[in-house]
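Colleague: I would like to learn how to read a protein model, one feature at a time. Could we go through one together?

Modeller: Gladly! Here it is.

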Amino acid sequence: MGKKRDFLSITDLTEKEIYSIFKKAKELRTEIERKGKINYLKGKVGVLVFEKPSLRTRVTFETALKELGGDSIYLAPQDIGLGKRESVADVARNLSLWVSLIIARTFSHITSEELAKFATIPVINALSDLEHPCQVLGDFLTIYEIKKKLNRVKIGWLGDGNNVCHSLILGSALLGCDLIIGTPRGYEPKKEIITKAKVLARKSKAEIRLTNNPKEAVSNREFIYTDVWASMGQEKEAPIRRKIFWEFQVNKDLLSFAPADVKIMHCLPAHRGEEITDEVLDGPNAIVLRQAENRLHIQRALIAYLLVGK
């Protein structure tokens, strides 16, 4: 295969590679639905190194590995103690001796970068404080299935400029989307993410805009995306964030400023009654379960791409 590939950021893939992975996701889904399991990754093992709890990420990655004929090992925080019991570099070097792939869910993006630096096998960022590229790769697959395109698709983000938001911005810039990010003042995405996105947007002709007005963020959008107001590690900020973010709640009143057929997205888990109401999350316009399902399909294809090269 040549030099090993890591997936730490959505920008580690080109636009062409993303569409190729979409195609592979569809092919693998069809084959596995027909056969139940295939031997695509026979003899290969992926290790899940998780510092944070997970439902969708863990289950979809473990299922993907096993359906492709490989196997998985889950390592919880107490199993390793990354950077405490043992250095990140030593963990990476040792795991490289035994398994084929590291899937890392870390607090700090620097930890994922260090794992990739010292591992001789591919490393996938399954969430860090900077990006959540696997989530957003699956989200773009979901949008693509609905619209049959990504270029010029209109997306609105409501809430915190967090890791999911960062990956959405970079992916939109790469793929030519029209994205409005709506956040309270002081909670915008990182400046370096916006700077990087603007460089990508010059080629794709994407439009990336910021606003502090929630009505502007939902106006004339085809998709509206929200996430929790306080991410893991920010629990102490939750009470004050609820007050600051309240007007950004995705509810029936706010959606009166959006097209009637707008699709509602959320990466889950949701804090029902905070960033989104039950009425909207469980309503006919919500595509959150389709997003969750596509995590499995896109991660199968991503693993195949990194380990097999096609």
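Colleague: Which residues of the largest nonpolar core touch the most other members?

Modeller: Keep in mind that this is a predicted model. The largest nonpolar core has 61 residues, and those touching the most other members are Phe 7, Ile 103, Ile 124, Phe 140, Ile 155 and Ile 303. Helix α13 gives the most to this core, with nine residues. Another core, of 18 residues, lies apart from it; Val 47, Val 49, Ile 80 and Ile 102 are among its members.

Colleague: Which residues does Ile 103 touch, not counting those up to four places away in sequence?

Modeller: Ile 103 touches Val 47, Leu 48, Val 49, Phe 50, Phe 61, Leu 65, Ile 124 and Ala 126.

Colleague: Let us turn to helices. How are two packed helices described?

Modeller: Two packed helices are described by the angle between their axes and by the distance between those axes. Take α1 (residues 15–35) and α6 here: they pack at an angle of about 80 degrees, and their axes are 11 Å apart. That angle makes α1 roughly perpendicular to α6. On the α1 side the contact is made by Ile 18, Tyr 19, Phe 22, Ala 25 and Arg 29, and on the α6 side by Leu 137, Phe 140, Leu 141, Tyr 144 and Glu 145. By class, these are eight nonpolar, no polar and two charged residues.

Colleague: At what angle do α6 and α13 cross?

Modeller: The axes of α6 (residues 133–147) and α13 (residues 288–307) cross at roughly 110 degrees and come within 8 Å. Therefore α6 and α13 are also roughly perpendicular to each other. Their contact has six nonpolar, six polar and four charged residues.

Colleague: Now the sheets. How do strands of a sheet pair?

Modeller: Strands pair through backbone hydrogen bonds, in either a parallel or an antiparallel way. This model has an open sheet of four strands, in the order β2-β1-β3-β4, with parallel pairing. Its edge strands are β2 (71–75) and β4 (123–125), each pairing on one side only. Five bridges link β1 (residues 45–50) with β2, and Val 45 has Asp 71 of β2 as its bridge partner.

Colleague: What is the order of the open sheet formed by five strands?

Modeller: That order is β7-β6-β5-β8-β9, and the pairing is parallel. At its edges stand β7 (207–211) and β9 (263–266); each has a single partner strand, so one side of each is left without a neighbour in the sheet. Neighbouring strands are turned by 20 degrees against each other on average, direction ignored. Helix α6 packs on this sheet, where it touches β5 (154–158), β8 (223–226) and β9.

Colleague: Is Leu 268 buried or exposed?

Modeller: Residues count as buried under 20% relative accessible area. Leu 268 has 18% relative accessibility, so it counts as buried. Leu 127, at 7%, counts as buried too.

Conventions. Residues numbered from 1 in each chain as written. Predicted model: local features only at pLDDT ≥ 70, side-chain atom pairs only at ≥ 80, totals over all residues. Heavy atoms only, no water. Axes fitted to C-alpha atoms, helices over the stretch in contact; angles between N-to-C directions. Helix = DSSP H or I, 4+ residues; strand = E, 2+ residues; numbered from the N terminus. Parallel < 35°, antiparallel > 145°, perpendicular 65-115°, else oblique. Nonpolar A, V, L, I, M, F, W, Y, C, P; charged D, E, K, R; others polar. Core = buried A, V, L, I, M, F, W, Y, C linked by side-chain atoms within 4.5 Å. Buried < 20%, exposed > 50% of the residue type's maximum accessible area, 1.4 Å probe, protein only. Contact = heavy atoms within 4.5 Å. Pairing = 2+ DSSP bridges.
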